[in-house]
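Here are some notes to read alongside the model. Please keep the sequence open as you go through the points.

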Amino acid sequence: DLFVLRCGTVPDCSGDDMSGAFTAGATFWPVRWLGFEGSYLKPSKLAGAGTTAPFTFTETVEIHNLVNLVAKVALPLGPVRIYGQGGGNWHESTSTSVQTLGAESTTFSLDTEGWGWTFGGGLEAWVAPRFALYGEANIAQLNGDDRNNSSSGFDNRMRSYLFGARFKIF
């Protein structure tokens, strides 16, 4: 939803709706139905542009770091575990906008960091004693204040759909 607000009523405007991401984390399950997780997510840079003659703009948003700390409540069903999760996140991001009117261009940059909330759920299937496949969906509120102490900030939501493998270490 990043470019819906930025495009406003500009008819010739679009931006990335999806990007790839890298994620890694660890979950501790003291009992089969309760877990605590810390994870790191690094999405790709998002870009968009709009034009309404004689004005044009381009915008990029890069989330440098996104750290999630969540509690998980699960329903273990044999080798399958269905879970819901909720907690907080911390992020750092940079938004850069280049606005051009005629021959003049102006660049605005905003570096932010801050805390937000996150919630979601998923399913993991243990196909071997130490190996599982999983799928997960989350919504995160990314709130951030300008690191340069201006009154600007970053306030957006991010939806993530994750698929991958898990390994049991202990």
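Predicted model: local features only at pLDDT ≥ 70, side-chain atom pairs only at ≥ 80, totals over all residues.

1. Strand 2 (residues 21–31) and strand 3 (residues 34–43) run antiparallel. Nine bridges join strand 2 to strand 3.

2. Ser-39. This serine lies in strand 3. Is Ser-39 buried or exposed? Its relative accessible area is 12%, under the 20% cut-off, so Ser-39 counts as buried. Beyond its neighbours within four places in sequence, Ser-39 is in contact with Ala-24, Gly-25, Leu-66, Val-67 and Asn-68.

3. The core. The largest nonpolar core has 12 residues in all. They are Leu-41, Val-61, Ile-63, Leu-66, Ala-74, Tyr-83, Tyr-134, Ala-140, Leu-142, Phe-154, Met-158 and Leu-162. At least two residues of this core come from each of strand 5 (55–77), strand 8 (131–146) and strand 9 (153–167). Strand 5 gives the largest share, four residues. As background, nonpolar side chains in soluble globular proteins tend to be buried together.

4. Tyr-83. This tyrosine belongs to the largest nonpolar core. What does Tyr-83 touch, not counting residues up to four places away in sequence? The list includes the core members Ala-74 and Tyr-134. Tyr-83 also touches Lys-72, Val-73, Gly-121, Gly-122, Leu-123, Glu-124, Gly-135, Glu-136 and Arg-166.

Methods: Residues numbered from 1 in each chain as written. Heavy atoms only, no water. Pairing = 2+ DSSP bridges. Core = buried A, V, L, I, M, F, W, Y, C linked by side-chain atoms within 4.5 Å. Buried < 20%, exposed > 50% of the residue type's maximum accessible area, 1.4 Å probe, protein only. Contact = heavy atoms within 4.5 Å.
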